[in-house]
Amino acid sequence: MIMKKRILSFVLSIIMVMLIAPQGAYFAQAADFETQLREAGFTESYVSQLTQLHKQHPNWSFKPLITNENFNTAVDNERKPHNQQLIQKWSGNDGKGYYCTCENDYKNGSYVPREGSGWISASKTAVQYYMDPRNFLNEQYIFQFLSNEYNSSHTQSGVETILKGTWMYDSVITYKDASGKTVTYKDSNGNTVKYSKAIMIAAKDSGLSAYYLASKIKQEVGGANPTAGGAKGTGNGDGNYKGIYNYYNINATTGYSAGLEWAATTPSTKWLSYGGCNMRKGPSKSTDIVIYLENGTPLTYIDTTSTQSDGYKWVHVSATVNGKTYTGYIREDLVVKPSTTVTYNRPWTNPYLSIYNGAQWIADNYKTQNTGYLQKFNVNPASSNRHSHEYMANVQGAASEGYSVYTAYKSNGWLDNKMTFIIPVFTAMPGEVLAAPTNLVLSNTTTNGVTISYSKVAGADGYEIQYYHDGKWTHYVNTGYTSKKWEGAGWGPAGTYDIRVRAYIKTGSGLAYSENWSETKRFYTKPAKVTGLTTTSRSSDGTSLTLKWDAQKWATGYVVYRKGPNNTWVQLVTLTSPTENTYTVKGLTPVYDYGYRVRAYKGGSGNLGAYSDIHSTYTLPPKTKLYTVAQNGKGRMYVSWNLAKSYGYEVILSTKADFSSGNLKYTVSGMYNNKTNLRNLAAKNYYVKVRPYYNKPFGKIYGSWSDAKQIKLS
């Protein structure tokens, strides 16, 4: 029984390991993917949703489009004017605060219609919701961020899936000509062509995604019947543009009628504006806007400038809009010269012409707007027409088209194919908590500064640096830099400081600081230059001397250096107290010149302040010893002593034991003259002592006196 339990326990253990190990591996992979997203530039509020999508669809890849723009600023720019963003007035949008109630958009108790009777200006709330990519990072709506580049794996059956529910589904192209007659379209070989086939051909030749084109067509003119203005072929109701088609509603800036007018027009030989652009007062983007010109606006050419500081030439032109003539400058790449006017085979007198040539027009005009989202909200900083040149006014259009693409992928079992989604990332996104700065490094300290560096935080507009000193945290600086040498009036020599950093975003009312601080790190400012270095005493044997300097209150200690042979400096000692500002140097050579200098340090001895000035000093001649003091005749005295390194000696006689008065001094020159005879002395009781001396440029230096001896002369 015991053996069976052991076997059962072992089997259960193996099963648990098999169950737990894959789960642990997943968590490790998820953590790695989250790190990749952050390093790529996605801010924290994107990470969890994209990680979940990656778990569901490992072949999907996500690329951030870093807009470097505050989210609310981007929203405001997209609403200049408010009627640039429209929304359909229907029950599904009621009660959500999605309708603009500004005085220009809501008058006399009614919303002002902007396109037809059912489209009105969208509110800021609506634009904020549909512009915020994080609201659509799910399996269905993320397809508005799908790259619209041509994909050879797309199939005609997939296009049919998107067209399902419209009159185009599984149908050959039929249309009304200018006389109202119903015609079936046939290609050059006499074959009928399905709408889905036309879209596939247009996709391949334009370099755009077939599913993207199909979804756009469905969004613009789709329905159970071809009743949308761009697809019905019966004109605009005023007898104009019969037999004209515009399946993408290109240039339908004021309604489908404007789009039909454009599709019906064969471009003239005049200069034209290209893609929609601003006319400015001067040849620079920094000058005021004169007027916004729709794509294809006729221009009267005046002249062309030389290449300006922005790298472009500017064309001086005039244009007449709504009966008023304006004169100004347009960047050369935003105009079409008569010799290079692109017609796109207009007029578009059947659906095939519209589908095929309209796709090429989109490819030419939206190179930097390569997703459905960017064609609705042009936030790409690489675009020369940022926040304008947008394909549709419908604020919900990109999301709707994205869902159509999703349904095609799902119906055909393609959701696990490799796909790339390009997702805008803004700063100061609503409700976003910025991550803490990492990799905080402090280096290159000075007496009042330090070099600070840390990793960039995705989504941050800048960083706040704080320091802790004297018991409190103090704001030091707000900065956009992540690496810089900082020096501040609040930082002094030999100080102890703690540093921390956090990110912030700019808002309409100021700055919003993250609650997430970096780790706290300590640094020490370098001490000030040591001053007051001097010699306070020298030993009588000439082998030591004592140095002293001005103490630095906040220093940790001091390092003492001495000049050695060949003018090299050697470190003598490291002292470990700020009050330990004296040091006795021993083992020196008597009567020798030395150079010393000192510097203070803070924290570790590697954080050294500036050297003091060099202090030049010397040791004394050694103390001598009297050998003989004797009378060698009447009024005569013989004195001898030991030799010392010196220039000579001084002998002193006194009748006082303390040598306080009655002193007689005698100088004996020469280091080897260690004896002398003194004459003509009075018969008295004398005290005698001797000391060596050394000549210096500034005068003599003396060694210590020998011990005294007493003698009585007769």
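# Helix packing, cores and local geometry

Helix H5 crosses helix H12 in a right-handed way (right-handed means that the near helix is turned clockwise from the far one by less than a right angle, left-handed anticlockwise). This is a predicted model, in which local features need pLDDT of at least 70 and side-chain atom pairs count only at pLDDT 80 or more, while totals for chains, interfaces and linings use all residues. Residues are numbered from 1 along each chain as its sequence is written, and side-chain values use heavy atoms, with hydrogens and water left out. Helices (H or I, at least four residues) and strands (E, at least two) are DSSP runs numbered from the N terminus.

**H5 against H12**

- H5 covers residues 156-163 and H12 covers residues 397-411; their axes are 8 Å apart, at an angle of about 130° (axes are lines fitted to C-alpha atoms, for helices over the stretch in contact, with angles from 0 to 180 degrees between N-to-C directions).
- The two helices H5 and H12 are therefore oblique to each other (under 35 degrees is roughly parallel, over 145 roughly antiparallel, 65 to 115 roughly perpendicular, and the rest oblique).
- On the H5 side the contact (heavy atoms within 4.5 Å) is made by Gly158, Thr161 and Ile162, and on the H12 side by Ser404, Val405, Thr407, Ala408 and Ser411.
- The residues of this H5 and H12 contact comprise three nonpolar, five polar and no charged (Ala, Val, Leu, Ile, Met, Phe, Trp, Tyr, Cys and Pro count as nonpolar, Asp, Glu, Lys and Arg as charged, and the others, Gly among them, as polar).

**H7 against H12**

- The axes of H7 and H12 come within 9 Å, and the crossing angle is roughly 130°.
- H7 and H12 are therefore oblique to each other, and their crossing is right-handed.
- H7 contributes Tyr211, Ser215, Lys216, Lys218 and Gln219 to the contact, while H12 contributes Gly397, Ser400, Glu401, Ser404, Val405 and Tyr409.
- The contact of H7 with H12 holds three nonpolar, five polar and three charged residues.

**Nonpolar cores and buried residues**

- The largest nonpolar core has 90 residues, and Phe62, Ile142 and Phe143 have the most contacts inside it (a nonpolar core is a set of buried Ala, Val, Leu, Ile, Met, Phe, Trp, Tyr and Cys residues joined through side-chain atoms within 4.5 Å).
- Helix H7 (residues 210-221) gives the most to this core, with seven residues.
- Neighbours within four places in sequence aside, Phe62 is in contact with Phe33, Leu37, Phe42, Leu50, Leu53, His54, Ile142, Phe421 and Ile423.
- Another core, of 21 residues, lies apart from the largest one; among its members are Tyr454, Ala460, Ile465 and Tyr497.
- Ala258, Gly259, Leu260, Trp262 and Ala263 of helix H9 (residues 256-264) are buried (buried is under 20% relative accessible area, exposed over 50%, and partly exposed in between, with a 1.4 Å probe and protein chains only).
- The cover over the buried residues of H9 includes helix H8 (229-232) and helix H10 (351-365).

**Two residues and their surroundings**

- Tyr98 sits in the loop between strand E2 (86-88) and strand E3 (106-107), and its 9% relative accessibility makes it buried.
- Not counting residues up to four places away in sequence, Tyr98 touches Ile87, Asn93, Ser121, Ala122, Ser123, Thr125, Ala126, Tyr129 and Tyr130.
- Tyr98 and Thr125 are 27 residues apart in sequence, with 6.1 Å from C-alpha to C-alpha.
- Lys675 belongs to strand E36 (residues 675-678); its contacts, leaving aside neighbours within four places in sequence, are Tyr638, Val639, Ser640, Trp641 and Val668.
- The C-alpha atoms of Lys675 and Asn642 are separated by 8.8 Å, and the two residues are 33 apart along the chain.

**Backbone geometry**

- Most residues other than glycine have a negative phi, and most peptide bonds are trans.
- Lys80 and Pro81 are joined by a cis peptide bond with omega about -5°; Pro81 is in the loop between helix H3 (71-78) and E2.
- Another cis bond runs from Arg346 to Pro347, with omega near 5°, and Pro347 is in the loop between strand E15 (335-336) and H10.
- Tyr344 lies in the loop between E15 and H10, has a positive phi of about 55°, and is buried at 8% relative accessibility.
- Asn108 also has a positive phi, near 55°; it lies in the loop between E3 and strand E4 (110-111) and is exposed, with a relative accessible area of 82%.
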